[in-house]
Amino acid sequence: MMMMCYGLFVFGLKTIPYQTVEENKDWRFPANSRVNQRSALQFIGRDNETIILSGVLYPELTGGRLSLAVLERMADLGYSWPLIEGTGMHLGFFVMTNLKKTKTEFFKDGAPRKIEFTISLTKADPADRLPFADIIGMI
């Protein structure tokens, strides 16, 4: 079952099952200084929206390093990708701005038994074209 889809990457129990989703939305109000009054605030629109997915992977049971490597490669391409919830709700186009991994509890060959991750996505304008030709190079 699909939890969320980012471009052609599907978040699910066998890839990267995140445990938390944090959404941050900001609005811009620059201040203009005034004499003997509070600064005047002017609304100039929305600021960037971010979504942070985090969780823990146990490669023996769930997705692991390969799934994270695919996301890293997508971020290396520098494109904005559509983000769609498992419910079908289209959230817009996002770029990956950060991927943090913490590996612990290792096997004797050095492979991690546990990988904690945080993925930061920032809303962006849709790409001029979707990079299907670049995706083929990933495979």
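Biologist: Is phenylalanine 43 buried, exposed or partly exposed?
Modeller: Phenylalanine 43 is partly exposed, at 49% relative accessibility. Buried means under 20% relative accessible area, exposed over 50%, and partly exposed is in between (1.4 Å probe, protein chains only). Bear in mind that this is a predicted model, where local features need pLDDT of at least 70, side-chain atom pairs count only at pLDDT 80 or more, and totals for chains, interfaces and linings use all residues. Residues are numbered from 1 along each chain as its sequence is written, and side-chain values use heavy atoms, with hydrogens and water left out.

Biologist: How many aromatic pairs does a search of the whole structure find?
Modeller: Four. Rings of Phe, Tyr and Trp (its six-membered ring) pair if their centres lie within 6.5 Å; planes under 30 degrees apart are stacked, over 60 edge-to-face, and the rest tilted. Phenylalanine 29 and phenylalanine 43 make a tilted pair, with 5.1 Å centre to centre and 45° between the planes.

Biologist: Which parts does that pair tie together?
Modeller: Phenylalanine 29 is in the loop between strand 4 (27-28) and strand 5 (31-34), and phenylalanine 43 in the loop between strand 6 (37-41) and strand 7 (45-46), so the pair links parts 14 residues apart in sequence. Strands are DSSP runs (E, at least two residues), numbered from the N terminus.

Biologist: Why is the pair of tyrosine 79 and tryptophan 81 edge-to-face?
Modeller: Because their planes are at 80°, with the ring centres 6.4 Å apart. Both residues are buried.

Biologist: New topic: where is asparagine 36 found?
Modeller: In the loop between strand 5 and strand 6. Asparagine 36 has a positive phi of about 55° although it is not a glycine.

Methods
Helix = DSSP H or I, 4+ residues; strand = E, 2+ residues; numbered from the N terminus.
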